[in-house]
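Dear colleague,

My findings on helix packing and aromatic contacts follow it.

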There are 2 protein chains.
Amino acid sequence: MKTLILSGIVATSVMGASLIDEAKNAGLKAIPANPKAVEKLTSNPKNPTTAAKVELGKMLYFEPRLSKSGLISCNTCHNLAIGGTDGMAAAIGHKWTSNPHGLSSPTVYNAVFYSQQFWDGRSPHLEDQAQGPIQAGPEMAAPKDFVTGVVTSMPQYVSAFQSAYGKDIKITFEKIADTIAVFERTLVTPSRYDAFLNGNKKALTQAEQKGLKTFIDKGCATCHNDIALGGTMQAFGVVAPYKYMNVGDFKGDKNGMVRVPTLRNVTQSAPYFHNGQIATLPEAIKEMGRIQLGVNLNDEEVTSIQTFLQSLEGKKPTIVYPMLPASTEKTPKVDVVNN
Amino acid sequence: MKTLILSGIVATSVMGASLIDEAKNAGLKAIPANPKAVEKLTSNPKNPTTAAKVELGKMLYFEPRLSKSGLISCNTCHNLAIGGTDGMAAAIGHKWTSNPHGLSSPTVYNAVFYSQQFWDGRSPHLEDQAQGPIQAGPEMAAPKDFVTGVVTSMPQYVSAFQSAYGKDIKITFEKIADTIAVFERTLVTPSRYDAFLNGNKKALTQAEQKGLKTFIDKGCATCHNDIALGGTMQAFGVVAPYKYMNVGDFKGDKNGMVRVPTLRNVTQSAPYFHNGQIATLPEAIKEMGRIQLGVNLNDEEVTSIQTFLQSLEGKKPTIVYPMLPASTEKTPKVDVVNN
């Protein structure tokens, strides 16, 4: 018995160590263990993260009055309570409009680690990305001057901007989006997987380690790599066309490339794929094997990869729900039914 | 100079003391200073408040999957970030439906102190009230068995119910509503006004005390009394008809009585009145004087009452945004566009 246990430990240890190297060689990277290192990695050098900006950005992220209707905030479609997304196949926005391309809301958690934003990768970073949905007709539908009008109508927001950026700050639409992005940059969720890659060989169970190995051996890490296990542009339907490609008119960027979604917290972001047509994780894994890798994954392999993916459930930051300032007589009035 | 200051203090003190008595004689009551006393006052003897129930109730309050669309939670229309309401004239619900009676969402803060719930007072308490909007077609539109199906599909909810109520708990629709109500019972916001009524004569400024006196002298406390400064059924348009009575078809209960809204945090709950047709507080005060008291309040009186009402801005409880369980394969699927 003792011998068996010991050999078990030795086996784990050896598998753990070599698997960490394998993972690193496959391009997988951990979220650093040290919070200071995470802050350095996620902070925008042109607009460094500070506590005052994060707090203000959080208020704006939860602020429904940034939308034309006064009802929709960033958090409506990227709901931090349910994995940073909305659980919808296609996003629903202003006046209950379904996303015209049939696109699903990607999670905001760990989006800071993406090298491109949006499914077609048209945006280079969160500061730029945050400007899109606020203005988009089917999402929050708010013109730039409406948004700045809302924010500057409330003295508490004006002084929060001054505290965050200095007395002379001009509150522009772009600065509002920048501030939301600073908050989003903090939405990082370290998991047991990171502890494992950072050297704690016991952080993943044997079954999870086996799943990670299958994930690497089958080629999943070719696209799902780096810190996000995703986030770059890749060809889609490489070997065979995606089963539900006809749902919605999205065909990727001009070269047909699609931004790879993160696999962190993937257990919370169903339904899957850009048009949300895949309901379950096993089905998503199988379909990916078929269309991207040209392999017919058997049930054991699917289960093993799924077991690994579950270890990517991360620890979410604690978010105290913000108390927002009261509207004033200067706050733009909304006619939610007619406008 | 010294004499002047001293006489000022004496005057304050004397006015303060007699004004507290006047306020109490007018039926105004403070939220108790002692948190234990508040808990005793707000707890439902048939379903006593416990930390486990409050935490679970908070999750359910923020849970969009309780709605038929999966998009609307209690917090959508009773948003705790913006005064416990939505800033809309008439509430918007399922598939962007405007409230069919043109009714505005009342704040959930301090609603525990109401003796009747809903604008027509048809519900006796929060436990009963919470069942309404979840099921109502123009609000969350979810049948009872859909709601219990959602909750019981997620093991984390099942164990949270067991922790809160014991292993044998049957998760019914009514129990879900009860649990939301337990959370709502904690949404109490003590203010400087309470500190004043509880004996701290310096808690209100001279101008606020003067406003309180005007409020009492003009008769506002006839309806806006007790802890909520509202919450009972009263005749509406006693002296003259409300200017915007023709907006929406709401005519009160069968006797034409309307539930009086709380004045706590009233600076955050514009637009005003049951159909949200009054944009500003001064206009609301003037209209109330005209239609309920038969007095034409002059600008000074209106400003004075407004100054007092501002002191009713209370301290909101700190709410850590809940992290909700992931949907499972058993969670009812939603077709948000067609259903």
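For the helix packing described here, axes are lines fitted to C-alpha atoms over the stretch in contact, and angles run from 0 to 180 degrees between N-to-C directions. Please note that this is a predicted model.

In chain A, the axes of helix H7 (residues 144-152) and helix H9 (residues 173-184) are 9 Å apart, and the two helices pack at an angle of about 70 degrees. H7(A) and H9(A) are therefore roughly perpendicular to each other. On the H7(A) side, the contact is made by Lys144(A), Val147(A), Thr148(A) and Val151(A); H9(A) contributes Phe173(A), Glu174(A) and Ile176(A). Classified by type, this contact of H7(A) with H9(A) has four nonpolar, two charged and one polar residues.

Turning to the aromatic residues, the count is 23 aromatic pairs over all chains. One pair is formed by Tyr61(A) and Phe62(A): the ring centres are 5.8 Å apart and the planes stand at 75 degrees, so the pair is edge-to-face. Tyr61(A) and Phe62(A) are both buried. Ring pairs also link these two residues into a cluster with Phe183(A), Tyr321(A), Tyr61(B), Phe62(B), Phe183(B) and Tyr321(B).

Phe161(A) and Tyr165(A), by contrast, form a stacked pair, with 6.1 Å from centre to centre and 20 degrees between the planes. They are four residues apart in helix H8 (residues 155-165) of chain A, and therefore separated by about one helical turn. Phe161(A) has a relative accessible area of 0% and is buried.

Finally, two charged side chains deserve mention. Arg259(A) lies over the face of Trp119(A), 5.5 Å from the ring centre. The charged end of Lys316(A) sits over the ring of Tyr109(A), at 5.6 Å from its centre.

Yours sincerely

How values were computed
Residues are numbered from 1 along each chain as its sequence is written. Chains are lettered from A and ligands numbered from 1 in the order in which they are written. This is a predicted model: local features need pLDDT of at least 70, side-chain atom pairs count only at pLDDT 80 or more; totals for chains, interfaces and linings use all residues. Side-chain values use heavy atoms; hydrogens and water are left out. Angles under 35 degrees count as roughly parallel, over 145 as roughly antiparallel, 65 to 115 as roughly perpendicular and the rest as oblique. Contact means heavy atoms within 4.5 Å. Ala, Val, Leu, Ile, Met, Phe, Trp, Tyr, Cys and Pro count as nonpolar, Asp, Glu, Lys and Arg as charged, and the others, Gly among them, as polar. Rings of Phe, Tyr and Trp (its six-membered ring) pair if their centres lie within 6.5 Å; planes under 30 degrees apart count as stacked, over 60 as edge-to-face and the rest as tilted. Buried means under 20% relative accessible area, exposed over 50%, partly exposed in between (1.4 Å probe, protein chains only). A charge sits over a ring if NZ of Lys or CZ of Arg is within 6 Å of the ring centre and within 35 degrees of the ring normal.
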